[in-house]
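Reader: Could you walk me through this one and tell me what is behind each label you use?

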Amino acid sequence: MVTWATIGFQMGFRSIERAYQESRRTFEREKETVKVQMDEIQASIAAASNDDEERDYVDHLIDLDWEAEQSLKTLREAFAMMIYHFWENQCRTNLGGKTFKEWDGFAKARPEYQFDEAGLDRLRMIVNCVKHGDAKQGKRPRLLDIAPELFDASLLQTATEEDDFRIALRLRDEDVTAAFAVVRASGPRSEYSDEGIDEVEL
């Protein structure tokens, strides 16, 4: 049996995942184009004695590469938040309640649900860092404590001084892919199958 909850979850999930993949490819193509142009202009400069105009163009390409990388950073953070909040909204709609503790309790009584609790907790911490800077909350560990690989070590001192670890957070494509996988595994499944979202063709 395929429920409307399952279909709605799958359609929403796939639309967000597709939007991320297509947007990511756009900026990656930009970076690749800049790299090709950079290689060409540097070869030209090496062959010439001095060309200020070409060197200015190199500076322009460096700026374009930086802008594309910043766009990718923003994109990864935005979609990590989007897919997590999509999961939260689906839980509120299909399970009821307002908190993870409530959703977890309801889900345990519903065989079509099986939460990836560790993955969801890590994703929640990533989202909180993006939104609030990973501020220390009592004795609760911060994202930096459990996943230091997500941060640029060269920026940690500045982030510590500013008490804002968004400065050093550097999500990679594989981190966002992992976020999608966590949400994918934590939504309703048709026929209570371990295969989950892939088994229903929309």
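**Labels and cut-offs**

Author: Of the 202 residues in the protein, 38% are buried. This is a predicted model, so local features need pLDDT of at least 70 and side-chain atom pairs count only at pLDDT 80 or more, while totals for chains, interfaces and linings use all residues. Residues are numbered from 1 along each chain as its sequence is written, and side-chain values use heavy atoms, with hydrogens and water left out.

Reader: What makes a residue buried or exposed here?

Author: Buried means under 20% relative accessible area, exposed means over 50%, and partly exposed is in between (1.4 Å probe, protein chains only). The areas themselves come from the Shrake-Rupley method.

Reader: Fine. How many helices and strands are there?

Author: Seven helices and zero strands, so from the N terminus on you read α-α-α-α-α-α-α. Both kinds are DSSP runs numbered from the N terminus: H or I with at least four residues for helices, E with at least two for strands.

Reader: Why is R24 called buried?

Author: R24 has a relative accessibility of 12%, which is under 20%, so R24 counts as buried.

Reader: What makes K108 and D104 a salt bridge?

Author: Their closest N and O atoms are 3.3 Å apart, which is within 4 Å, so the label holds. This pair is in helix α3, again four residues apart, about one turn. K108 is exposed because its relative accessible area is 65%, whereas D104 is buried because its value is 12%.

Reader: Which parts does the salt bridge between E69 and K31 tie together?

Author: The closest N and O atoms of E69 and K31 are 3.2 Å apart. E69 lies in helix α2 and K31 in helix α1, so the pair ties together parts that are 38 residues apart in sequence. Both count as partly exposed, with E69 at 31% and K31 at 22%. The whole structure has 15 salt bridges.

Reader: What makes the negative patch a patch?

Author: E30, D56, D59, D63 and E67 gather there on the surface. Patch members need over 30% relative accessible area and no salt bridge, with like charges joined within 9 Å. Asp and Glu count as negative, and the place of the charge is CG of Asp or CD of Glu. D56, for one, has 51%, which is over 50%, so D56 is even exposed. D56 is found in helix α2, and that helix (residues 52-94) gives the most to the patch, with four residues.

Reader: Last one: which residues touch the most other members of the largest nonpolar core?

Author: I83, W87, F115, F180 and V183, in a core of 25 residues. Helices α1 (4-47), α2, α3 (100-108), α4 (117-132) and α7 (173-185) each supply at least two of its residues, and α2 gives the most, with eight. The core label means buried Ala, Val, Leu, Ile, Met, Phe, Trp, Tyr and Cys residues joined through side-chain atoms within 4.5 Å.

Note on methods. Patch = residues over 30% accessible without salt bridge, like charges linked within 9 Å, V, L, I, M, F, W, Y side chains within 5 Å. Areas by Shrake-Rupley, 256 points an atom, 1.4 Å probe, with all protein chains shown as cover. Salt bridge = Lys/Arg side-chain N within 4 Å of Asp/Glu carboxyl O.
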